[in-house]
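Subject: Structure for you to look at

Hello,

Here is the structure I said I would pass on. Please open it first, then read my notes below with it on the screen.

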Amino acid sequence: YIQAVSNFLCPPITAVFLIALFWPRMNEPGAFWALMVGFAVGLIRFGLQFGYSSPPCGSGLEDTRPDFVKSAVDKFHYLHFGAFSFLLSSCVGVLVSLLTPAIAEDKLYRLTFWTRFSTEVRAKMEDEVDEEEDETQEEIASTLEEMSSGRKCINLICGIENQADMEDENIKSAQDLATEAAEFLKEDPKYKRLSNIVAVLVMSMAAFIYGFFA
């Protein structure tokens with residue numbers, strides 16, 4: 001049951017994530033409609049499979065399900081449906097993305113596989129409003145000003161530094177933050193190869209177990 005439901009609902013999410021990661025042309029409308037179409041198709045398959053009860057195997061009871069349900073469920077394995085849902089969602093996402101404006105390149109630094117090591121400063125998306133950050137800073141400042149003397153003493157005893165002082169000391173430019181984000185992904189070659197080998201082994205075992213017991 002869990003595997004079947006996962007194959008009904010998860011492939012669109014996987015398709016959108018992988019395409020957006022490796023194809024910078026993917027945009028928000030493409031991702032949205034790919035998810036919506038995949039979700040709708042998955043719900044239809046879910047309703048057909050679990051909305052009609054099939055007779056237990058070997059019971060000898062007559063199967064009263066409509067013919068189209070038998071064709072859609074019995075002759076279309078849920079693993080095959082998962083592959084179909086993945087391809088359908090991918091096609092919808094690519095098509096809608098090509099028909100709508102692309103995301104500016106300066107807004108994708110370190111958000112795709114090909115720009116993960118970029119040290120360029122990423123421009124903000126339209127929905128990232130600077131006013132929210134300013135309001136947050138004002139709230140923090142007002143909270144620090146209103147902090148009681150007792151709280152200040154407890155912070156001093158516990159070794160908690162004044163947040164305002166820490167912020168003043170740790171102010172960094174956007175370029176410094178971009179450089180740190182790019183350098184964060186760099187790994188030691190030895191541990192990188194070891195992680196890759198372990199990942200391949202684990203995924204191979206998971207694929208075998210999944211396929212064997214499915």
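Helices α1 and α2 pack at an angle of about 170 degrees, and their axes are 9 Å apart. Angles over 145 degrees count as roughly antiparallel, so α1 and α2 are roughly antiparallel to each other. On the α1 side the contact is made by Ala4, Val5, Phe8, Leu9, Pro12, Ile13 and Val16. On the α2 side the residues are Ala31, Ala34, Leu35, Gly38, Phe39, Gly42, Arg45, Phe46, Gln49 and Phe50. Sorted by class, this contact of α1 with α2 has 13 nonpolar residues, three polar and one charged.

Please note that the model is predicted. The protein chain has nine helices and zero strands. Of its 214 residues, 20% count as buried. Among contacts in the chain with a separation of 6 or more, 67% are between residues 24 or more positions apart.

Next is α4, which covers residues 78–99. This helix has 22 residues and reaches 31 Å from its first C-alpha to its last, close to the 32 Å expected at 1.5 Å a residue.

How do α1 and α4 lie relative to each other, parallel or antiparallel? Their axes come within 8 Å and cross at roughly 30 degrees. The two helices are therefore roughly parallel, and their crossing is right-handed. From α1, the residues that meet α4 are Gln3, Ala4, Asn7, Phe8, Pro11, Pro12, Thr14, Ala15, Leu18 and Ile19. They meet Tyr78, Leu79, Phe81, Gly82, Ser85, Phe86, Ser89, Ser90 and Val94 in α4. By class, the contact of α1 with α4 has twelve nonpolar, seven polar and no charged residues.

Helix α2 (residues 28–51) also comes within 8 Å of α4, axis to axis, and the crossing angle is roughly 155 degrees. That makes α2 roughly antiparallel to α4. Here, too, the crossing is right-handed. The α2 residues in this contact are Pro29, Gly30, Trp33, Ala34, Val37, Gly38, Val41, Gly42 and Arg45. Those of α4 include Phe84, Leu88, Val92, Gly93 and Val96. The contact of α2 with α4 has eleven nonpolar, seven polar and one charged residues.

Which parts of the chain cover the buried residues of α4? The cover includes α1 (2–22), α2 and α9 (189–213). The buried residues themselves are Tyr78, Phe81, Gly82, Ser85, Ser89, Ser90, Val92, Gly93, Val96 and Ser97.

Leu108 lies in the loop between α4 and α5 (130–145). Is Leu108 buried or exposed? The cut-off for buried is under 20% relative accessible area, and Leu108 counts as buried because its relative accessibility is 11%. Leaving aside neighbours within four places in sequence, Leu108 is in contact with Pro24, Ile103, Thr115 and Arg122. Leu108 and Ser118 are ten residues apart in sequence, and their C-alpha atoms are 9.8 Å apart in space.

Arg110 lies in the loop between α4 and α5 as well. Its phi is near 65 degrees, a positive value in a residue other than glycine.

Regards

Notes:
Residues numbered from 1 in each chain as written. Predicted model: local features only at pLDDT ≥ 70, side-chain atom pairs only at ≥ 80, totals over all residues. Heavy atoms only, no water. Axes fitted to C-alpha atoms, helices over the stretch in contact; angles between N-to-C directions. Helix = DSSP H or I, 4+ residues; strand = E, 2+ residues; numbered from the N terminus. Parallel < 35°, antiparallel > 145°, perpendicular 65-115°, else oblique. Left-handed = near helix turned anticlockwise from the far one by under 90°. Contact = heavy atoms within 4.5 Å. Nonpolar A, V, L, I, M, F, W, Y, C, P; charged D, E, K, R; others polar. Expected span 1.5 Å × (residues − 1). Buried < 20%, exposed > 50% of the residue type's maximum accessible area, 1.4 Å probe, protein only.
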